Amino acid sequence: MIQICQRAIRLLLLLAAILAAGPFSANGARAGAFEDALPVLTGKGFAAVGEAVDALAASGDPRAIPVLEALSDGDLYYRESDKAVFLARKGGEGYLLTDPGTGEAAGTGARGDFQKIKTNNRLRVKIRTALGALGLFSPDPQVRIAAARSLFMDPDPALLPLVDDALSKDDDPGAREALDLARAAILIKAGEASTPADKVAAIRILSQSTSQGARALLGGILLDDGEGSEEVRQAAGKALQQIETRLSRLAFVENVFQGISLGSVLLLAAIGLAITFGVMGVINMAHGEMVMLGAYATYLVQETFRLHAPEALGWSLPIALPFAFLVAGAVGIAMERGVIRFLYGRPLETLLATWGISLVLQQLVRTIFGPTNREVSSPDWMSGTIEVTSGLLFTTNRLWIIAFALIVLFALMAVLRYTAFGLQMRAVTQNRRMANAMGIRSGWVDAFTFGLGSGIAGIAGVALSQIDNVSPNLGQSYIIDSFLVVVFGGVGNLWGTLVGAMSLGIVNKLLEPYSGAVLGKILVLIAVIMFIQKRPKGLFALKGRAVEN
Amino acid sequence: MGKVRRLSRTLAIAGVAAGTWFGATAAQAADTIKVGILHSLSGTMAISETTLKDAMLMLIEQQNAKGGLLGKKLEAVVVDPASNWPLFAEKARELITGDKVDVVFGCWTSVSRKSVLPVFEELNSLLFYPVQYEGEESSRNVFYTGAAPNQQAIPAVEYLMSEDGGGATRFALLGTDYVYPRTTNKILRAFLNAKGIADEDILEEYTPFGHSDWQTIVSNLKEFSSQGKKTAVVSTINGDANVPFYKELANQGIKAEDLPVVAFSVGEEELAGLDTTPLVGHLAAWNYFMSVDTPENDAFIEAWHGYIKDEKRVTNDPMEAHYIGFNMWVQAVKQAGTTNVDAVRQAMYGQQVKNLTGGVAEMHVNHHLSKPVLIGEIQDDGQFETVWETSGTVIGDAWSDFIPESAKLTADWTYPWVCGNCEKPKYLGN
Amino acid sequence: MSNAAFPHAGHRPFLLRLGPTGTVFVILVPVVAILMVAGNLLLPPSSSFHVPAHVMSLVGKYLCFALLAMSVDLIWGFCGILSLGHGAFFALGGYAMGMHLMRQIGDRGVYSNPLLPDFMVFLDWKELPWYWHGFDNLAFTLLMVLLVPGLLAFVFGWFTFRSRVTGVYFSIISQAMTFALMLAFFRNDMGFGGNNGMTDFKDLLGFDLRSDGMRSALLFSSAIALVAGYLLCRRMVDSKFGRVILAIRDAESRTRFLGYRVEHYKLLVFIVSAMMAGAAGALYTPQVGIINPSEFTPANSIEIVIWVAVGGRGTLVGAALGAVMVNFGKSWFTGALPELWLFLLGGLFVAVTLFFPKGVLGIFGRRLTGWPLSLGMPGRTRPRKPVEDATGD
């Protein structure tokens with residue numbers, strides 16, 4: 001109880017400070033409050049840091065915003081010698097320092113001289129609330145929206161007057177909507193302090209929102225035995241139902257999206273195999289290792305960037321694409337010339353030889369790069385989520401992978417259809433002797449076809465490095481799925497590979513919520529086995545002679 | 001003419017093959033003390049176990065630099081069980097009877113330990129097992145230097161329920177479908193129930209090994225956590241599957257402040273394969289973090305970097321377990337004056353070695369160590385920052401108090417017990 | 001000389017019909033086994049001819065693998081069916097035996113439950129699942145060792161052969177089958193011990209599994225099983241039935257047009273082969289002391305095929321030899337060259353397919369085998385074919 005009172009008093013102080021200062025201005029901030037708060041940060045333990053956060057928030061000083069953000073991100077340090085606080089970023093051998101008071105660069109410092117100011121999750125929540133309060137009056141509407149959202153996440157009843165004040169002054173529709181929601185959340189969390197009528201009004205606002213947060217708030221009302229008003233409980237129950245209906249509809253859409261995204265991963269992993277196995281008939285067990293080589297190529301490119309041009313790291317993936325293609329393609333051509341060309345017409349023996357090659361490649365990578373995972377980071381443009389409609393979030397990297405898989409597929413189709421090489425390739429697979437007679441060097445066409453398939457596997461490795469381990473075992477986990485996709489879709493048919501991958505992905509994901517991940521996968525495998533009985537040559541079988549052999 | 005020659009030729013081939021079997025078993029003279037290292041260097045577990053092999057080689061080299069043991073040099077015998085569980089048993093047998101090693105340091109997965117256990121018991125040799133595990137086992141031939149559930153899982157959940165940890169009242173227990181997560185979650189469920197958390201506030205979910213598509217499960221977590229109670233995730237997801245799991249968490253924008261994940265199988269080594277910026281604030285519970293600032297730890301890290309010749313390599317909890325286990329074994333051998341297994345086993349009890357994180361580890365009669373428990377938050381540099389630790393050390397418990405069948409069992413390998421799973425004292429010879 | 005290819009069945013004594021390699025094999029395997037048993041039991045450990053226990057279980061394991069390789073050779077070498085899922089039959093046999101051994105532990109488990117194995121106690125199961133009943137009886141277990149793999153082979157083969165799934169398609173879906181089984185057995189809820197599988201076996205027929213006598217008995221049984229398996233296979237392939245399956249391998253459609261029910265022949269060979277694999281698995285489990293789902297991994301099944309290729313496809317004895325050689329190499333190199341052995345193993349597979357397509361038996365005197373090797377390697381006897389046909393082989 002005392003704690004709550006203390007907290008309320010602290011927040012009222014903060015409120016008074018901000019209101020006194022007035023929005024959009026730092027001039028009125030209590031002089032010296034910011035400067036006084038900084039040294040508190042260097043105190044021992046999380047409690048001291050917590051006090052400092054309160055003090056910083058109460059200062060109402062806009063300079064507190066970057067300091068709190070840095071604290072939350074773990075970028076705030078103090079110098080051990082004089083306890084001076086700095087915002088610090090790693091650069092070269094030491095830290096690049098920024099003075100929190102002036103916001104200007106303050107030179108560099110050696111690592112040993114500085115101590116990081118630690119935070120934990122509880123402090124981060126506190127910081128988020130403080131930032132929310134501080135950001136409500138920012139001139140930038142985006143900052144205001146973000147501030148309102150963080151208040152929605154951690155609603156603090158003491159901040160109600162502040163939110164009301166912000167609402168009365170804000171005329172940006174986005175910010176107003178966010179503020180309305182934050183206000184509703186605060187009203188609901190306020191307990192005795194808000195009237196049932198207030199709460200019902202708040203519930204009405206929340207019921208329009210389709211978010212897990214709103215549902216959590218409404219659920220909280222029903223769970224709270226202290227909530228005596230029957231009216232409120234009923235309204236909450238009804239609103240919750242509305243939200244759940246919408247959410248479950250969205251969940252289905254999301255599920256299908258996840259299926260498509262899994263399908264596109266399968267597609268990426270399988271496209272290369274659709275060439276080496278589907279078109280050329282090589283049971284290429286080293287296909288997974290080509291994917292792995294592509295992922296390691298990505299790692300190499302990123303390492304080079306990290307060493308020489310860390311600011312351009314975002315470009316590493318586009319540059320890794322051709323590199324991975326060339327590396328995997330070159331290994332593929334070497335494999336074809338060195339081993340596989342002696343085995344044409346003996347498909348089952350290509351299985352044994354390529355299995356041997358895959359063991360060698362795995363161990364080679366393990367010897368060179370070590371057995372542990374390598375770090376491949378995601379560029380900024382591939383992280384985060386996109387909100388399609390309220391409550392429906394698609395992850396950006398999955399969207400990229402879906403787009404990328406389709407681009408690779410269609411580019412490959414175009415190569416096969418419209419280029420001279422594609423023509424020669426089709427000629428050689430359809431009638432080798434005739435192609436030879438027409439002057440096509442079928443041996444080299446074979447080599448480059450295999451190189452193309454391997455290179456595409458390498459490109460897939462670039463994409464898979466974004467969602468999976470970059471380790472010597474990477475390829476192993478995709479090889480069986482890849483073969484299943486190609487066989488299920490119909491050997492030698494790229495459309496079949498597309499449809500096969502997508503249907504396996506979607507079916508798998510639709511089953512998963514009901515059966516669990518393992519059973520879902522087993523069911524899909526059994527379904528494929530049964531399907532092959534019905535159509536022994538896959539979904540899109542190549543038209544051939546009526547009798548095999 | 002041909003038949004006899006053909007026959008003799010075939011016989012010759014067979015003879016050579018048979019001869020090599022016998023040749024393989026010829027024992028060598030023992031002018032060194034042999035230390036067997038049984039860690040996978042290929043296959044799926046190589047990712048974790050290779051580091052431990054290197055750590056052992058380093059420790060042995062250090063000991064030899066100090067003049068060896070009992071006036072003899074230590075000799076490492078490295079084999080590769082290739083992440084193949086029956087091969088673990090075969091290699092263990094080969095190490096003990098073929099190479100005549102005096103002690104074995106090895107294994108990572110529970111199944112590999114279960115596979116070699118009968119071999120060590122039959123041949124009465126010693127195994128030091130360095131990884132956190134599910135408990136529910138006690139063998140007089142195995143010293144468990146990793147954490148038992150009460151040295152990792154229970155303190156971690158207590159932290160999550162505390163005010164500093166966020167005061168969680170709803171838990172999602174996520175694990176790979178094998179014995180360690182199953183047992184740990186069973187213990188945790190009993191513990192949470194005892195703390196007044198109802199079963200509907202506990203979600204248990206299992207995934208296969210190497211699970212790489214976490215979209216559905218992470219969406220489920222989001223939904224599970226939005227029911228109006230503060231929720232936390234306890235992850236016993238195994239090795240390979242962690243990287244895609246954390247990548248998916250980051251992509252779906254789950255922040256540690258809202259839904260903290262505490263992991264028992266994620267250490268510095270696993271984080272080395274990840275960009276940890278979006279994961280800051282998620283937690284792990286171990287007995288050791290590389291970031292802990294003690295003179296012993298600094299010296300260990302420096303020695304490791306010097307040995308492996310790579311400043312970027314990290315150290316982790318199982319490496320510390322080997323460090324403690326190896327040094328204890330060395331002390332015990334010195335005390336016993338012999339490498340004889342029975343003498344060394346007796347000498348092991350009560351052996352003390354300084355932890356790298358401060359405090360002293362002691363070997364107890366149930367073959368488990370007393371260790372401090374640390375909770376760390378993931379930092380953006382791939383390290384952990386300790387946010388909470390036990391005030392003293394915690395004694396490892398072979399049999400959990402939270403499982404009815406095992407609560408009544410006692411592991412004690414000193415007279416009059418000499419039994420790992422008994423309810424009453426058992427005397428030698430019956 | 002080429003007449004020796006098809007010895008006239010029935011007119012000559014059985015041993016002669018086996019040809020020199022077969023004869024040597026049938027005699028040598030039991031003799032080596034007896035010598036090893038004697039070396040283990042009769043000679044004192046100090047003797048330099050004493051066979052230590054770990055060699056006994058190692059050789060026992062090789063013999064089980066040899067039998068497994070032979071079962072694959074029977075369908076691949078003689079019937080042209082490349083199964084990439086044979087590890088599943090082996091593992092099922094192994095699991096059946098494992099269940100019997102688990103039941104034999106009785107109340108000596110850590111929780112001292114007289115009925116339930118430890119892993120069920122810890123999963124809180126109160127009673128034995130129905131499919132565990134009967135396995136306390138060895139005769140029933142042995143029946144299941146053959147029946148369960150045989151039944152799976154029957155169901156799987158019935159569907160696939162009838163719908164004429166052949167060649168690579170068969171290989172891939174057999175791989176999918178073993179993969180699905182692996183996932184299933186990994187699940188703790190299946191009641192087979194999950195990832196840990198079954199281990200810590202105590203005794204069989206009342207004899208301690210760790211005793212020298214038991215090891216010798218198991219080694220000897222494995223040797224006998226291997227020879228019996230060999231004789232059974234030879235009996236099958238030397239008969240008229242054998243000619244038909246060879247015909248199926250070399251020209252399936254033509255055989256069908258001649259009026260043979262191809263799918264019935266294939267099905268029968270497949271079932272026999274699966275049962276052999278199951279028997280091998282049952283002998284394997286007590287000798288290595290553990291059975292777990294990793295036996296189902298597709299990589300294991302591929303490896304079996306490689307043993308056969310290394311030894312010589314379509315030669316039976318070669319398959320056994322290949323299994324022993326590759327596994328001996330594995331045992332040796334994982335100890336001697338732990339960092340390099342995968343290079344050697346991988347290199348070996350490439351070298352064998354490129355330079356010794358007839359396997360080891362092909363290098364050492366092709367006449368020795370008493371079986372025309374050219375029939376074992378269809379790829380070599382036919383002209384190089386256009387690629388489009390390759391997948392439909």
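Biologist: How many residues of chain C are in contact with chain B, and with how many residues of chain B?

Modeller: This is a predicted model, in which local features need pLDDT of at least 70, side-chain atom pairs count only at pLDDT 80 or more, and totals for chains, interfaces and linings use all residues. Residues are numbered from 1 along each chain as its sequence is written, chains are lettered from A in the order in which they are written, and side-chain values use heavy atoms, with hydrogens and water left out. Contact means heavy atoms within 4.5 Å. For chain C and chain B, the numbers are 52 residues of chain C and 50 residues of chain B.

Biologist: How many salt bridges are there between chain C and chain B?

Modeller: A salt bridge requires a side-chain nitrogen of Lys or Arg within 4 Å of a carboxyl oxygen of Asp or Glu. R182(B) and D189(C) meet in a salt bridge through their side chains, at 3.4 Å from N to O. The count between chain C and chain B is three.

Biologist: How many salt bridges does the rule find across the interface of chain B and chain A?

Modeller: This contact takes 53 residues from chain B and 56 residues from chain A. The side chains of E163(B) and R122(A) form a salt bridge, 3.0 Å from N to O. Across the interface of chain B and chain A, the rule finds 11.

Biologist: Which helix of chain B gives the most residues to the side that touches chain A?

Modeller: Helices are DSSP runs of H or I with at least four residues, numbered from the N terminus. The elements giving two or more residues to this side of chain B include helix 2 (46–65) and helix 7 (215–225). With six residues, the one that gives the most is helix 7 of chain B.
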